[in-house]
Structures are given as C-alpha cells and as structure tokens.
Amino acid sequence: MEKTCTLLVHFDKGTPALANEIKEALEGNDVPAKVEALRKAIMLLLNGETIPQLFITIIRYVLTSEDHTIQKLLLLYLEIIDKTDSRGKILPEMILICQNLRNNLQHANEYIRGVTLRFLCRLNEAEIIEPLIPSVLSNLEHRHPFVRRNAILAVMSIYKLPQGEQLLGDAPETIEKVLSTEQDPSAKRNAFLMLFTCAQDRAVRYLFTHIDRILDWGEQLQMVVLELIKKVCRTNKHEKGKYIKIIISLLTAPSTAVIYECAGTLVSLSSAPTAIRAAADTYCKLLQSQSDNNVKLIVLDRLQELKASHKEIMVDMIMDILRALASPNLDVKRKTLDIALDLITPRNVDEVVLMLKKEVVKTQSADLEKNGEYRQMLVQAIHTCAMKFPEVASTVVHVLMDFLGDTNVASAMDVVVFVREIIETNPKLRVSIITRLLDTFYQIRAARVCSCALWIIGEYCLSLSEVESGIATVKQCLGDLPFYTPSEEGETQEAPKANQTASAGTVSSRRPVVLADGTYATQSAALETAMSPPTLVQGSLASQGNLRSLLLSGDFFLGAVVACTLSKLVLRLEEVQPSKAEVNKATTNALLYMVSMIQLGQSPILPQPIDNDAYDRIILCIRLLCNSGDATRKIWLHSCRESFVNMLADKQFRETEERKAKAQISHAQPDDLIDFYHLKSRKGMSQLELEDEVQDDLKRATGEFTKDNDDANRLNRILQLTGFSDPVYAEAYVTVHHYDIVLDVTVINRTKETLQNLCLELATMGDLKLVERPQNYTLAPESSKQIRANIKVSSTETGVIFGNIVYETSNVLERNVVVLNDIHIDIMDYISPATCADVAFRTMWAEFEWENKVAVNTVIQDEKEFLDHIIKSTNMKCLTPPSALEGECGFLAANLYAKSVFGEDALVNVSIEKQSDGKLSGYIRIRSKTQGIALSLGDKITLKQKGAA
C-alpha cells in the first residue's frame, strides 16, 4: 500500500547496508559512526525496507545524545517510521518518544527547539502531539526568532489537523496576539499566514487595522497579503475596490517581487483603465530595471497578454516598451518588436520609426553580437510600419539602402524587398530611390539581392537619363569583355606554330627576341593573351563589379536576370531616345554581353555548364532584341509590373481580411458601447472604484462573466474507461492545458460490497509524465468517487495513457484488477495555426532534419477540397495565397504552417495532381526539428485524408 512521503533522498542500491552493522554502530560511543549508521537506516526505510529491531536500539542509545547532527537525523527517522498499526491505532512504543520531544521543546539550545518544532509540523498523530501542546505554546514567546517562527508553523499545522480545534481551540486568537507584538519579519509572515489559512476574518481585520504601515512590512509578509487579497476578492467581488487601493499602494514597495505580483494581481482583479495602466507602467519599469534576460522575457509575456485585452491602454506605453531594445539578447529584442508592431497608430508611428532608424544605425558598430540578425529584425519592423503607414517610408528608405551590401544576406534581402514595395506604393520616391540604387548597386555582393535590385532597375528606370545610367551601371558591374580567353588548341593545322609562338612569347616576356633576318620580333598584347592557355579574366577588384565575379563563379540564374534587365532597358530606351544610332549601339552592346554569357556557360573552364532554364531565358532575350513587336514589348514593359501590383494588392487584401477577422472576434457587441458612469451613484467611491464598477457592469452586459465552456464540447471530451458490466465503472474527463493534462476520473462502485484500498494506477507512453500517484480510497456500495490525476507534457507528440483500477473486497484476500481503455492524447491539442514569411519558411524547410512523406490516398477528387480538408484536419494555416490556388490546371502545391505550444515549428508541403481517371495523387511532406511532431502529424494525416468526414 502506498504511503505519503515527506522526505526524498537519493539512495545508491549498489552497496546496501546490513541491519546488524547499523545496530552495532548505533550501540557504540563513536559519534561519527552513529551519524553514518543513522543515515543508512533512514536510506533503507525510505526505500521500502522495514527494520523494526532498530527502534528500541535507537531509543536506548541515540535518544539521549546531545549531538545536534544526531538529533536532526533522529527526527528524520521518527518522521518516516510507521507510527500506527494496520488498524490506524497509535503504536504503544511511540509513547517512549513523547518525553524526548518534550525535553527537546524545553532544551536550552534554540536549534534543537526549532528543528523539533519543524518536526511537529509533519506529524499527523494527535495522540503524540496532545501532551506537547503546552511546550509548543511556550515557545511562541522564546527570545530567539528561529524558535518563534517554527512555533507559529507548528501551531498552524496542529490547528489544521482533523482534531485541531479540540487540541488548540484558541490558536487564531493566540497567533493574533503574537502578530501584534512580533518584530521579526519571518515570524510575522508565518503568523499572518496562519491567520490567512485558518481564520481569514482575523487576517483581514489585522490588515485594515495596520493599513497605514503596510509599506514598512517585509517582502515575505507583503506577498502573503497579496495572496489574501486574491482569495478574498474571488469570494467577495463587491469589496474589490478597497483592496485594489491597497495593491496600488504596494506598487511603490522596494521589492521587485512584490511589485511584479501586485501588477499581476491588479490585472486579474480589475479591468479599470487606471488599474491596467498602473500594472502596465509597473511592467515597463521592471523591464528597464531588471538585467536578467529571463525576467525580461517573463515581463514581456505579461505585456503581451495585456496587449491582447487592453490594446487602447497599451498604445500609450509603446515607447517605454521599446526601451527594452537596449538589451543585448536577441530573444528580448524580437519579443519587444513583436509587441510594439501591434501597438502602432498614426499618432506614434513617427516616434517608433525614428527609434527603429536609430537602432539600425547602431548596428553598424562592430561592438554588438549578431548585428546582421538584429538588423534584419529591424528592417522587417520598419517594413511593416511603412506598409501600414506609407507616409513614413520616405524617412527610412534611404537609410536602409545603405545596407544593400550587408554581409548578412537575409538582412540585405529584406532591405531590397522593402525597397521594391516602397518604390511601387510611393511613386513620389521613385526618382530618389532609383538614383540611390544605381549609386550603391556596386556594393551588393549577394546574388539574390542583385537579382531583385536588377528587377527594380529594369522596371522603374523610366526617363532617358535613368535608362542610360541603368545600362551604364550594369555594364560597369559586368566589366569588360571577354569573360574568359578562348583556347586555340582546337585548330589542328596551326597548333604547332601557335605553341611555338606562345612559348617564344613566354620567353620574351622580359627581353626582346631577335629573329633570323635580324629584326625584332613583335607581338600584340591581345594576341599574346589569345595564345596563352584559357583562363578567366577576373578584372581588378577595385574597378570590376559584383556581377562579373558572381557570373564567373557559375551563377547563371543571375546571368538570365542580367539579360532580362538589359532587354527591358533597351526596349525602354527605344521609347525615350530619339537617336536611332544610340539605340542600335546600346542594343548591340547588350547582345554582345548576352552572347558572351552563353559562351562562358558553354565553355569547359567552369566546373558546371549553364543550366537549360538560364540558357533558354538568355536566348529569348537575344531573339527579343533582334525582333521586337508591339505585343512582346507590352508584355516586357507593362505586364510584369502589373503582376507585381496584383501581388501587392492581394497581400494587402489578405492582411486586411485577417485584421477584420481579429476585430470581429475581439468585440462582443457590433456597436461601440458608451459608458454613462457619470449617472452612476458614487456612494463615496473613489475614481478607481467607480471605473472598476463600470467595467464589471460592462462585462456583465456583454456576457463575459458567463462565458463557460460549451457543454457539448465537454461531453465530447468524456472517455469511457471500463464497461458497464464491470464491477467498477470509470469514465474520465480530459482537460488539456499547455504543459499538463488533467484527468478527472469518476469511479462508481457497481457492487453491493465495500471496496477497500481502491487505487487508480496509471502509466504513460511518449513524452508524458505522471506528476503524482493517486491515493487509495474506500468505496461504499453503489457510491462514486472523483479522482484527479495530473500529467506533465514535455513535447508535441501523440501520447498514450493506460492503466488499471485495483481494489480489495472483504470476502476475497487477493486484489482485483479492472483494466482500463487507453486514453490517446491528440497532437491537435498542442498545435495552432501560425504565420511566417516565405523566406523564413524556406529557410526552416532547408534546416529541419526530420521529414515524414505521406502518399496521397483519398476519395476526394477536387484538389482545393482536399487541401481544405487537410487544413481542417491538421489545424494548420495555408501560407500560399488564395490567388495562387485559383484556376483549374490539374495540379496544386501549397505550404501549411503551425506552431506548437512549446515553440516548435511544423511545416507541411502539399503537392497533388489530378490523374486522367479523376483521382488525386501526390505527396504530403511534413518537416520539423523534432521527430515526434513529424511522425504524429503524419499519422494524423494518414488517418484523416481518406474521406471528407
């Protein structure tokens, strides 16, 4: 039978001690040996051994010892031994220890008194405690605070026993007197805790009697006061006002722990604007004053919760929150920016952007760690601000363009995407952005950033000077032709002469060569270069640009982008340049560069030849420049921009729809409510109490107080664990919180007999851990019992809980077992739809190592219907925009994303195709950082994908 355990010590089972050895050591006079023997005895007892023969030895040889260590270990021994028999009666030999305990409580040494009083806190046997009560009460007036504070705890423990009121009927009154005269902070805290636990009315009376001195009380006592306030306000909501005033006064306490608790208590008790503002202000001060990053993250979580429910108040705090960006920790910075971006309004956007701009400039210094990543976060934040409020873009776009050449490719990519959106949405900034981009283009080192910048140059260079500057910039960055020196070794006839001349040229590189007729040999530099073995012409680092080095490294996708940009610029030059000769010259130069890129791609010099896509694209550009019609000109100069505009409009539309959906969820009423609190009877209430009353009325009117879980949903979560014909019927109601699962199990005795020692034995599979073992119960005939079990969850994966109900009956000696049905914990309880940028999705997709590939096997025949079914079944969000899924083309590809409560990312790619027989085929690929989430999601999809049910 399981017993309660108040002590847990690690025990090495490798070398078990023998009872005889322990007994001999205890009977000796060697104090260190006695100490070691007592330790071993305690270890054995804690691990289930019963050593009854030691008790008398300890009474005879150990009880009288004056050594403090032995006395402490003796109390631990007495704490864990069985003090009652099988019927619950006190053992007769326990009377022997009462006299020793009384002597300890009257001992001259305060340590012995204190540890003995602490021991009494863990005793449940009234027969042992009763003769000791006068000694316990006398210790309430001891000179040493260590004794007094433990005496108060002992009184509280005795009073809380089932027979406590008979043993110590006047305990609350006694402790109240002690509290009024006590000076030690810990003893005062224990005394107030006793009143709070056992006589709440006395604690409240004491609090209001000494309300003026509450700020002078110690931190521990102030924390107990806050606990008392929470408890009282839950039961008496109409008295909240006077308690809230106490909490607000405690916000000026010197202890940060107290003011943090005060802020949390204020938010939980009141929705009054004054109270919420005071709590938010407290959190902001803690954010500045605390250096520990964990504390900052916890405070930011609290601010995030406040933002969700009281956004209009938090808007005024945005600059205080942004001061947390001074922290060097990236997680703190990220969370701060996430909160701030939701609080931006037309009133504060200029201030926010100015601060973000200063932070971007700071990242140029080499002092900060992970500058690139932080700069990327700032750029994304500024991008969001500029999209919401386009008027601020002009103040930041030029500062950000300095970072196009950033070594952090992700940061530079964010900048160039931001510039691309701003140049379209802010036509007034087009000229200045193009000029700045052409000036700084040579600094860009990343191929992806170059591609995007080239697209901007090709689309938005409109005037003659801009087009000419664009062509000149691209040519300058490509460098002089050729990209490489061709080999002459393929020509069979001239090969020997060429080799001979080449070797002569090599020899004569330092002095002139005299030929047979007496003249000097001459050779041009170009010819000498042509005769040498084939090599890449890199150009000098100072003069030659980024495009050349990237092309020579084999990036022909960029070559195709260069060809498209040159084609667009030449086509636009035809429209704005009156001189036909200049247009022809530019066309010829562009064609020459394109042909040179193809030659470079097909040469054996590079390890990888040009890919087919890039080759076809460059050939298309060559054909376009050789023969361009009006239809193709329109496609190249107008349709591309129109597609981009449509993409931006679609993105903006989706964001607007999401904001509308959130707004609909957050308001309980379709119309804004008007507070007529000026008409309310004040009855001597302060402004804060009045606000709180109004907010409570408002909640009552909107039904917020009565929002309970839907009964139908509750019934869906009830699981039958046993059959109706079993002697014990059990069913469980499963509640899944973020990090733990609560099982409320109802057990019903279906028999006519009393069931003894009934125990619910549970075991788990997966990352689930049982927190505590349920106790044993006695169940009367046809009666029921509610048993609660807590299970901790440590990761996102499907888990299984299984177990038995074990009981005894009076007729049968052996134990009966009823096996329970398994409880499967669904992964859907832990993941929720989330959004992330396409770039972030692709980065995670490349990084995550766990992939689960599920073949499509379904009766659904429509691609979009199947996708919707998968989204609904997996509780994920589709990142692919609806516009990209429109049309009937016979195939569909979409990305889904979700985040677990543990911060894990779940990525899903759905790729399906419609076969000729109308059935769908394809694969659903799941990727995650951990194996559990990938396997569990795969199992869920396999189970749910077949039908639309």
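Contact here means heavy atoms within 4.5 Å. The model is predicted: local features need pLDDT of at least 70 and side-chain atom pairs count only at pLDDT 80 or more, while totals for chains, interfaces and linings use all residues. Residues are numbered from 1 along each chain as its sequence is written, and side-chain values use heavy atoms, without hydrogens or water.

Select residues 31–46, helix H2. Helices are DSSP runs (H or I, at least four residues), numbered from the N terminus. The end C-alpha atoms of H2 are 23 Å apart, which agrees with the 22 Å that its 16 residues should span at 1.5 Å a residue, the expected span being 1.5 Å times one less than the number of residues. Buried in H2 are Lys34, Val35, Ala37, Leu38, Ala41, Ile42, Leu44 and Leu45; buried means under 20% relative accessible area with a 1.4 Å probe, protein chains only.

Next, select H5 (residues 95–105) and H6 (residues 110–120), whose axes come within 8 Å and cross at roughly 130 degrees. Axes are lines fitted to C-alpha atoms over the stretch in contact, and angles run from 0 to 180 degrees between N-to-C directions. H5 is therefore oblique to H6, oblique being what is left after under 35 (roughly parallel), over 145 (roughly antiparallel) and 65 to 115 degrees (roughly perpendicular). Show Leu101, Asn104 and Leu105 in H5, which meet H6 residues including Ile112, Arg113 and Phe119.

Finally, select H13 (residues 200–209) and H14 (residues 219–235), packed at about 120 degrees with axes 11 Å apart. Gln200, Ala203, Val204 and Leu207 in H13 meet Val225, Leu228, Lys231 and Val232 in H14.

Key:
Helices (H or I, at least four residues) and strands (E, at least two) are DSSP runs, numbered from the N terminus. Buried means under 20% relative accessible area, exposed over 50%, partly exposed in between (1.4 Å probe, protein chains only).
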